[in-house]
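Work through the exercises below with the sequence and the model open. Each task is followed by a solution in steps.

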Amino acid sequence: MSRRLATYIPFPKIWLLLVVLFFVQCNAQVSELTLTDSEMFAKMSGPPLTDKYGEISSIKVVYDYKTKSIYFINHHRYKLHHEFCDYLRGYEQDLATFNRMNYGADGQRQYLLGNINYVKSMDKYALELSPTDQMPVSSLVFFYHKISESSFIGDDLTVLLNNTRLIAMEENLKSLFPVILPSEIYKNIQYQGISKYTGFGTIRFIDNIEKNHEPLQPTDILVLKHTPLTLPSVAGIIVSELQTPLSHLTILGQNRKIPISALKGAFDNATIRQWDGKLVRYEVRSDSFSIQKISELPKTSMTSAKVKLQASLTKNTLLDIDFVTRNSSKDVGNKAANFGVLYHLSKKYDFKTPEGAFAIPFYFYDQHLKSSGAQALLDTLFAHPSWSDKQIKEALTKIRKQIKEGTLNPKLLSEVKQRMTSDPLFNSMRFRSSTNAEDALGFSGAGLYSSRTGSLTDISKPVDKAIKQVWASLWSYAAFMERSYYKIDQSKVYMGVLVHRNFPDEAVNGVAITKNIYRQGNHGFVVNVQLGEESVVQPTPGVTCDQFICFPKSDATLYHNKTIIDVLTISNLNNGSLVMTEKEITHLANQLDLIKRYYALRNMTGGSYLDFGLDLEFKLQGPKRDLYIKQVRLYND
């Protein structure tokens, strides 16, 4: 047969066929009983199922109690333990049964299941169990030694303590085998694929974007030394500082769908420097990015505005939070309307919202624009859409000045102060932006507008000044340009104000996303949390927050009756411990799920419930560390 084949196929085609057959043969091997060297690992490995760390390659490993054999699974053949074990067994087993038997703490297991991860930044191999796995310590020790004996890694194999169950046993476990904590992996990460898209433009290096005086172009791809406070209208970004998954830069990049990556030392990287000033194609992937030279920019079609604004100026009194609902967004803005939803849900569920809340409707903002003279300046700006960047900045500076220097409506000021004197707890209030151009489907506006504190007792924080500063923030340059990027009609943008008690001494603050952003279609909420008032979205350089995936109460077999907290990093401000207890985290997850169900019922138009996300801000407050949820919006990705 082979001679006949050679007779009829020209030499180049024979060569091509042999290459294909060789490739198929290399990938045909389902598993190996031993791992002989790093080259073999590289051939059999692939990206892990979860995207929580970059620069990781992984092989699944199974110990079969029946055959008393260890199997290193070829990633190119099987990506799930369950699928491979069906192959071993020769017949399919119900997934729920498989999960119940092989991830529990009892003695029913057919298999021990894990992943061997190669952490490129540390040049280490680490055994990782599923965070849902309740494997007893004795079984873990047995599993570790079976892998160690059957692979080239040997005693250099470490065990990743990736959840609170294992971390709590750290002292005991590290006497049995080498261990590694998630924070060690995180601090050694060199690269993050933040927003995985492709962009086209000219590479530009900028040391400090806040002090940059040269105009930025929508076709610029910026290489930045520091994280920008706002996201300019550009085609892509490479930043030299790592980001938290819920930072403003991450959220805005996902919203805009432009490529953003973080690479330590990128600003001084000679390989990237060679592209300075050149026209390129820039693509961001989970574990790397690529830059390729192009001769011209591809043609792109202009899209129409996706965000439609609603505004009503009929409400001319303060709105108590009892009367603010999800339908109030046209009167008081999206943030206040969503806060109203949280307030009403808090009456049914087990969380609080900041007390003393009320909203200042658009009516008063519109009135102040006209009385202060700011509206006339805005009209001039709107009438000149072709103004230069410099002219726009100058116009916006004048508009903000007019708003802040104008006299606040005495009746409004009197009513606000009257509300604040009703209870000593409310002498200091937080005045928060609530526009019709934020917290919306397709446009989050994260970090664009300001919040201010107004006090009846602190003369440095007068109430009228706080209100006007919030209003003026609607016309910051960053906010104006972000709305322009989305082609939002600026003449229809209005600012309401959400007001509630201030929290000067919070114990914990955090942000949560009610979906697993690291693994599509899977359970889990991603949470970033920190001690006190240290920001989790714009942290002080060098400060790391807690990052973990938590799981609400579920009937799914893998998660049923388990406390699961998949730890990514631990705050460096809390002596190596999570800033929330397991009980507090579980309670948070269950309350977030109740809120998610309310919003999913009213906003989901298709797709999976697991992939429907909300972006929430919360805090623990007081001696009892009560859970307060202060903000919710749709998560746009």
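The model is predicted.

**Exercise 1.** Locate E438, classify it as buried or exposed, and list what it touches.

Solution. Step 1: E438 sits in the loop between β17 (428-435) and β18 (451-455). Step 2: the relative accessible area of E438 is 2%. Buried means under 20%, so E438 is buried. Step 3: leaving out residues up to four places away in sequence, E438 touches N334, K335, S433, F443, S444, G445 and Y449. Step 4: a polar atom of the E438 side chain lies 3.5 Å from the backbone nitrogen of S434.

**Exercise 2.** Find the salt bridge of K52 and state which parts of the chain the pair ties together.

Solution. Step 1: the partner of K52 is E128, with the closest N and O atoms 3.1 Å apart. Step 2: K52 lies in the loop between α3 (38-44) and β2 (56-64), and E128 in strand β5 (residues 124-128), so the pair ties together parts that are 76 residues apart in sequence. Step 3: K52 counts as buried at 9% relative accessibility, and E128 is buried with a relative accessible area of 9%. Step 4: through shared partners, salt bridges join K52, E128 and D566 into one network.

**Exercise 3.** Describe the salt bridge between R109 and D133.

Solution. Step 1: the closest N and O atoms of R109 and D133 are 2.4 Å apart. Step 2: R109 is in the loop between α5 (95-102) and β4 (111-119), while D133 is in the loop between β5 and α6 (137-149); the pair links distant parts of the chain, 24 residues apart. Step 3: R109 counts as buried at 8% relative accessibility, as does D133 at 0%. Step 4: for the whole structure, the number of salt bridges is 27.

**Exercise 4.** How many aromatic pairs does the whole structure have, and what is the geometry of Y282 with F289 and of Y485 with Y486?

Solution. Step 1: a search of the whole structure gives 25 aromatic pairs. Step 2: Y282 and F289 are edge-to-face, 5.8 Å centre to centre with 80 degrees between the planes. Both Y282 and F289 are buried. Step 3: Y485 and Y486 are also edge-to-face, at 5.4 Å and 70 degrees. Step 4: Y485 is partly exposed, with a relative accessible area of 27%, whereas Y486 is buried, at 12%.

**Exercise 5.** Which ring faces do R273 and R483 lie over?

Solution. Step 1: R273 lies over the face of F205, 4.0 Å from the ring centre. Step 2: R483 lies over the face of W475, 4.8 Å from the ring centre.

Notes: Residues numbered from 1 in each chain as written. Heavy atoms only, no water. Helix = DSSP H or I, 4+ residues; strand = E, 2+ residues; numbered from the N terminus. Buried < 20%, exposed > 50% of the residue type's maximum accessible area, 1.4 Å probe, protein only. Polar contact = N/O pair within 3.5 Å; in protein donor to acceptor, adjacent residues only side chain to side chain. Contact = heavy atoms within 4.5 Å. Phe/Tyr/Trp six-rings, centres within 6.5 Å; stacked < 30°, edge-to-face > 60°. Lys NZ or Arg CZ within 6 Å of the ring centre and 35° of its normal. Salt bridge = Lys/Arg side-chain N within 4 Å of Asp/Glu carboxyl O.
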